[in-house]
Amino acid sequence: MHSNISYIKTLLLNKFPFFGINKIRELTRLVFEIAKRDNISSTDIVNNIEIADYLNVKNYLLKLRYPDSYGNIPKNSFYLPDVDIEDCNKADLKKSQFYPKNIYYTQEVEQSSLYNRIKNLFLNSKFTEIISVKQFLKDNKFSLQAYNQRRENLFLVNEKFDFFKPCPCTKNVVCCNYSILNTGYGCPYECSYCFLQGYQNVPGIILPCNINDFLDIDKIKPTYSKLFDLPRAGSGEFTDSLVFDDITLFSTDIVKFFKENRNISFEFKTKSKNIANLLKIGGTPNIVISWSVNTERMIEENEFLTPKLEERLKSAQKCIKAGYSVGFHFDPVIFYKDWQKDYIKTIENIFDFVDGKYIKWISVGSLRMPVELKKTIENRFPDNKILDEELLLCDDGKLRYEKKLRMQMYEKIVNRIKKHNDNIAVYLCMETSEVWNKCGGML
Ligand code: SF4
Ligand code: SF4
């Protein structure tokens, strides 16, 4: 990959010897992206340029790279960072059972039931006491390669501050007043679009050993939103809510707590089928098990190591039988040629498996990411197709599809869901009130 990028730079420098390094950098990005998307040679792209001044060359390439948006949006919406891809940063997509080689723990967790359970479950792991994760990070350099090996390291700590807090959301959008219960940090799945890969600076999975300190009604105070019947809180922001549940058994205590506090909706947000504990203890309707869903093709191409759509939906069916409500998150909705047909099929699949009266909510959010994530994704998933589409830089520093396309996607999905059941709370995640109003989200 690196040699390919140097080759494009050389081609451009040979053709335009008077362009400075920044100009060559931007043009390299454009040629690289066009060649990758269209699977054509960069030599042909550069040879076909018949103009010589920089602005015209750039505009010519922008038009090729962004055929739908070019001319309709401000030019600074095109994000053209340096191309800096190293083969050694590729994600490890081999399926394997979670068995960390190293388990780091702080002294205070030694008496906890989770620490002792993990000691018995992972007899071959190396256990090392650490002062704190913060100190560990000071002593150990973090890199993308270390992130790629995060399944090898487990950190057991006591969570002191960040256990319960409002969802950070983003500026200028309709906030649904969601609150997050933090039951861990880091995820063993490998979704190409995952925000954690650009956010997490710990080369491992962190699990708190003291969740019971926080299952206290004075500490859990989610905010009410007019969108829902009850105030909502949930886990699954910084990890998958259930993927480690056979190890942690967290769901047992959480379900028990929210069975006693039915004036709050609590959500386990997951892609897993790790529901044995949930089924064993049984639920109440204010406890919502929700699955992120996508089209079968997008799951196959982007949600590596995760259960298939059908397995998620079968799990939803079982959870309903066990007394829980369910939810679904179409997030992220990804644009590609057959998106309409495929997303409709996913909606039909949901309603084939699940009676709409048990669905508490469905959220819809289109693919978005902080700009910095683009370089991480192309390093970790160099064959990804999600970055080939027209993602544009927005005011909040995130890359998104153009507004018209986003609205078209939401409208299609929301209308189809409502055709099945008009009573389900369908809401948009991280969207402006203008977009909500235009595409039938429940404002
Ligand atoms: S809209 Fe989405 S990002 Fe914003 S608060 Fe709700 S869940 Fe969080
Ligand atoms: S399941 Fe969620 S947290 Fe885990 S890798 Fe995928 S997007 Fe990230």
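## Basis of the description

The model is predicted, and local features need pLDDT of at least 70, while side-chain atom pairs count only at pLDDT 80 or more and totals for chains, interfaces and linings use all residues. Residues are numbered from 1 along each chain as its sequence is written, and chains are lettered from A and ligands numbered from 1 in the order in which they are written.

Helices (H or I, at least four residues) and strands (E, at least two) are DSSP runs, numbered from the N terminus. A residue is called buried if 20 or more other C-beta atoms lie within 10 Å of its own, exposed if 12 or fewer, and partly exposed in between, with C-beta atoms placed from the backbone. Seven of the seven residues of strand 10 (residues 287-293) are buried, so this strand is largely enclosed by the rest of the structure. Ile287, Ile289, Trp291 and Val293 point one way, whereas Val288, Ser290 and Ser292 point the other way.

Two strands pair if DSSP finds at least two bridges between them. Strand 10 pairs in the parallel sense with strand 9 (residues 265-270) over five bridges, and Thr270 stands opposite Trp291. Strand 10 also runs parallel to strand 12 (residues 325-333), to which six bridges join it, and here Ile289 stands opposite Val326.

Three strands form an open sheet in the order 14-16-15, with antiparallel pairing. Strand 14 (368-370) and strand 15 (392-393) stand at the edges, each with a single partner strand, so one side of each is left without a neighbour in the sheet. Strand 14 pairs with strand 16 (residues 398-400) over three bridges, and the bridge partner of Arg368 is Arg400.

## The nonpolar cores

A nonpolar core is a set of buried Ala, Val, Leu, Ile, Met, Phe, Trp, Tyr and Cys residues joined through C-beta atoms within 7 Å. The largest such core has 87 residues, of which Leu156, Val326, Val364, Tyr410 and Ile413 touch the most other members. Helix 17 (residues 403-420) gives the most to this core, with six residues. A second, separate core of eleven residues includes Ile8, Leu27, Val57 and Leu61.

## An exposed loop residue

Asp87 lies in the loop between helix 4 (54-65) and strand 1 (102-106), and Asp87 is exposed, with 10 other C-beta atoms within 10 Å. From C-alpha to C-alpha, Asp87 and Leu367 are 25 Å apart in space, and they are 280 residues apart in sequence.
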